[in-house]
Structures are given as C-alpha cells and as structure tokens.
Amino acid sequence: MSSTNIRYEIYPQMKLYDNMDSGGFSPYAMLSGPKNYSSKQINTDSLGFRKSLNTNIEYSVSQIKHYDKINFLVGGSTVFGVGSTSDATTISSNLSKASKEIWLNFGIRGANSFQELIHLINILNKANKIGKVVFLSGINDLYMSLINNELSDFELDMVAGGYGKGDGSDTGT
C-alpha cells in the first residue's frame, strides 16, 4: 500500500485538497486561490478566498463591503484550512464562533508573506471598518529560503554590493 493511500485512509479529506485546482494568476501578487470552488467541504468566493462559517452564516472576502466590521486572518495553507474537514472547521471559522465577530479567511495556499500582504493591501480600502488583522504566516518564506540556499552570481553581487563576477570586485564606479 502506498503512503498516499494510507494518508487518505487516515485523512480522507486530503484527497479533496490534493485534487483541487491550485488557483490562478493575480496582478502583482502572482498567485490566487481557485475562484468559486464549491464542494461539501471546501468553498471559495469569486476572489479565490475560502469562506468562513459562523453558525450557518457564511462570510467571504468578496462580500467585504457588506459587513460593518471585519477581522482578517492572513496566511498560507494553514489559514486557508488545508486538512480541515469543512469550511466550518478552519481557524477563521473557529475565531468567528469564539468571538462572535466576522473573521475573513485570507489564506492563500503556497503564497509567501509578501504575496499575502499584496492581496491584503488590494482589499483593505473596500472594508467599512477593520477590527483586527492577524498574520499566521512565514512557513512558505522559510521553505523557499531553505530550498534556494545557493545564490546566483547576480544575487551574490547584490549581497556583496558589487556588480560583476559574483565576487563583489566590480563596484560599478
């Protein structure tokens, strides 16, 4: 039996996440979630953000202008809710239930913190009133820095303050 099959036996909902479209292109941020995805467990809005639930009331980033006051939970796959059994069991939905406030799920699978921030900046002006903005982010940044541990000559020059052969000797003056 393969490890994938064992994973699906233990966490059957993971098959949904694995088969889900990764999303699309977004200006400046490059990455967005799958738009208008719909299933029993996972639902996204027209902007590609996962919907939050609070006792059967659905909240989505695409409807931000209709809410008097909102809170944002910003991050990557963890915030999106990868592994959650439903929209109701994501962190943003649990925060909504616990606080009796609207918490919007601003999770983007695979995004780095800069991409998340760009998405946030692009939507902030549409909110009537913002309460809290919480970032649960950084693992994708760490991962990218670890897999890209070898710098190109250009990057070496930038770090060394020079332009040229990667040794910083050509300062461009």
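**Close-up views of a predicted model**

Helix α5 (113-124) and strand β5 each supply at least two residues of the nonpolar patch. The model is a predicted one, in which local features need pLDDT of at least 70 and side-chain atom pairs count only at pLDDT 80 or more, while totals for chains, interfaces and linings use all residues. Residues are numbered from 1 along each chain as its sequence is written, and side-chain values use heavy atoms, with hydrogens and water left out.

**View A. The nonpolar surface patch of α5 and β5.** The patch covers about 590 Å² and is made by F114, L117, I121, L124, I130, V133 and F135. Patches consist of residues with over 30% relative accessible area and no salt bridge, with like charges joined within 9 Å and nonpolar side chains (Val, Leu, Ile, Met, Phe, Trp, Tyr) within 5 Å; accessible areas come from the Shrake-Rupley method with a 1.4 Å probe, and for residues only the protein chains shown count as cover. Helix α5 gives the largest share of the patch, 4 residues. I130, for its part, is placed in strand β5 and is partly exposed, with a relative accessible area of 33%. Here buried means under 20% relative accessible area, exposed means over 50%, and partly exposed lies in between (1.4 Å probe, protein chains only). Helices (H or I, at least four residues) and strands (E, at least two) are DSSP runs numbered from the N terminus.

**View B. The largest nonpolar core, with 16 residues.** A nonpolar core is a set of buried Ala, Val, Leu, Ile, Met, Phe, Trp, Tyr and Cys residues joined through side-chain atoms within 4.5 Å. The residues with the most contacts inside this core are I64, I70, F72, L104, F106 and I123. Strands β3 (70-75) and β4 and helix α5 each supply at least two residues of the core, and β3 gives the most to it, with 3 residues. Leaving aside neighbours within four places in sequence, I70 is in contact (heavy atoms within 4.5 Å) with I64, I102, L104, A127, K129, I130, G131 and K132. Apart from this core lies another, of 6 residues, among them Y17, M20, I42 and F80.

**View D. The salt bridge between K132 and E101.** A salt bridge is a side-chain nitrogen of Lys or Arg within 4 Å of a carboxyl oxygen of Asp or Glu, and by this rule the count comes to 4 salt bridges. The side chains of K132 and E101 meet at 3.8 Å, N to O. K132 lies in strand β5 (residues 130-136) and E101 in the loop between α4 (91-99) and β4 (103-107), so the pair ties together parts that are 31 residues apart in sequence. K132 is partly exposed, with a relative accessible area of 44%, and E101 also counts as partly exposed, at 26% relative accessibility.
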